[in-house]
Amino acid sequence: MTAELFRQITTRGGAVDLSSRAKFRLTGADRVRYLNGQVTNDVRRANTGSTLYACVTDAKGRVAADVFMHAVEEALVLDAEADLRDALAARLERYIVADDVELADVTDQWQLWHVFGDCERFQGLHSERCGVPGVDLWLPADAAPPALDSLPVLSAAEWETWCVLQKIPRWPHEINAQTFPAEAGLETRAMDFSKGCYIGQEVLSRIKTTGKMPREMIAFEADGAIAAGDEVWNETSVGVVTSVVIHPETGKSTGLAMLKQGSAAMVMHTDSGVTLRLLGREASP
């Protein structure tokens, strides 16, 4: 990402084509009750005007997928990272037993665009995918792309950079099968603790009550070269770097890391000796 593009999207916003994301449609009379037993947020709040963010968790409370969902007439629609297409379909199908629910993969039937920042003129689903107000635009696969006027369209790499700079955890870097939602700072964004039971709920409620979890996500910056996978040290090894980008204006390595809970300090180091400066522990709203 160039410094010019960074300034553009910081002041005016931008757009990104997310059509490669996996997309599913749930129909049937039991769809809301069924999905509410599978995800961390309250599906009863899903509506036609905005997206609802949630995690699909396993019996141990760890993340199997993170999804955005919304309601349409007689259906619920979900989207997730592209490489979760097969695994998420299998995970959701596994628990459809006697429910009046049908799951359909509609990935190839729809375009999905996200516009953020200066997006008031766009008619779509209100959605915060990168920490700032945005709009999701769903269009048939054979339709013309949306008219974005002069808004810059980010490439996949530029979108990745923007999300890291906004402290947004993403699959499979910060969010994966070893992660509890709270470790990635998702308690307020993706979880509802009064909705009732779902798979993994008991473990996650215990984490909420005790405040104890194995790790926590932090954001950092550094002057030297850093790579995902580098160990982070604070006298001893306390975690690992999960995402790194170069800040377009400062040129500093900026990224996210997963550290042992309570081990983060204002200044830490990688195993190669590069100094890290703490920017924060929580994801953007």
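Five aromatic pairs are counted in this structure, which is a predicted model. One of them joins Tyr-53 and Phe-68, whose ring centres are 4.7 Å apart with the planes at 40°, so the pair is tilted.

**Aromatic pairs**

- Tyr-53 belongs to strand β3 (residues 52–57) and Phe-68 to strand β4 (residues 63–72), so their pair ties together parts 15 residues apart in sequence.
- Tyr-53 and Phe-68 are both buried.
- Phe-116 and Trp-159 also form an aromatic pair, with 6.1 Å from centre to centre and 45° between the planes.
- Ring pairs link Phe-116 and Trp-159 with Phe-6 and Trp-162 into a cluster.

**Charges over rings**

- The two rings of the Tyr-53 and Phe-68 pair each have an arginine over the face.
- Arg-129 is placed over the face of Phe-68, 4.1 Å from the ring centre.
- Arg-189 is placed over the face of Tyr-53, 4.2 Å from the ring centre.

**Helix α1**

- Helix α1 spans residues 3–11, and its residues Leu-5, Phe-6 and Ile-9 are buried. They cover an arc of only 100° around the axis, which puts them on the same side of α1.
- In an α-helix there are 3.6 residues a turn, so residues three or four places apart point the same way.
- Glu-4 and Thr-11 are exposed and sit on the face of α1 turned away from its buried side.
- Gly-13 follows α1 and has a positive phi, near 95°.

**Strand β1 and its partners**

- Four of the five residues of β1 are buried, so this strand is largely enclosed by the rest of the structure.
- β1 pairs with β7 in the antiparallel sense, over five bridges. In this pairing Ala-15 stands opposite Val-115 of β7.
- β1 also runs parallel to β10, to which two bridges join it. The bridge partner of Val-16 in β10 is Leu-154.

**The five-stranded sheet**

- An open sheet is formed by five strands in the order β3-β4-β5-β2-β6, with antiparallel pairing.
- The edges are held by β3 and β6 (102–105), each with a single partner strand, so one side of each is left without a neighbour in the sheet.
- From one strand to the next, the twist averages 30°.
- Within the sheet, strand β2 (residues 22–27) pairs with strand β5 (residues 75–80) over five bridges in the antiparallel sense. Lys-23 has Asp-79 of β5 as its bridge partner.
- The buried Tyr-53 and Phe-68 pair joins β3 to β4, and these strands stand side by side in the sheet order.

**Backbone exceptions**

- Most residues other than glycine have a negative phi, and most peptide bonds are trans.
- The peptide bond from Trp-171 to Pro-172 is cis, with omega near 0°. Pro-172 is located in the loop between α4 and α5 (187–190).
- Asp-149 is not a glycine, yet its phi is positive at about 55°. Asp-149 is in the loop between β9 (134–140) and β10. Its relative accessible area is 61%, so Asp-149 is exposed.
- Glu-235 likewise has a positive phi, near 75°, in a residue other than glycine. Glu-235 is in the loop between β12 (231–234) and β13 (236–246). With a relative accessible area of 79%, Glu-235 is exposed.

Methods. Residues numbered from 1 in each chain as written. Predicted model: local features only at pLDDT ≥ 70, side-chain atom pairs only at ≥ 80, totals over all residues. Heavy atoms only, no water. Buried < 20%, exposed > 50% of the residue type's maximum accessible area, 1.4 Å probe, protein only. Arc of directions from axis to C-beta. Phe/Tyr/Trp six-rings, centres within 6.5 Å; stacked < 30°, edge-to-face > 60°. Lys NZ or Arg CZ within 6 Å of the ring centre and 35° of its normal. Pairing = 2+ DSSP bridges. Axes fitted to C-alpha atoms, helices over the stretch in contact; angles between N-to-C directions.
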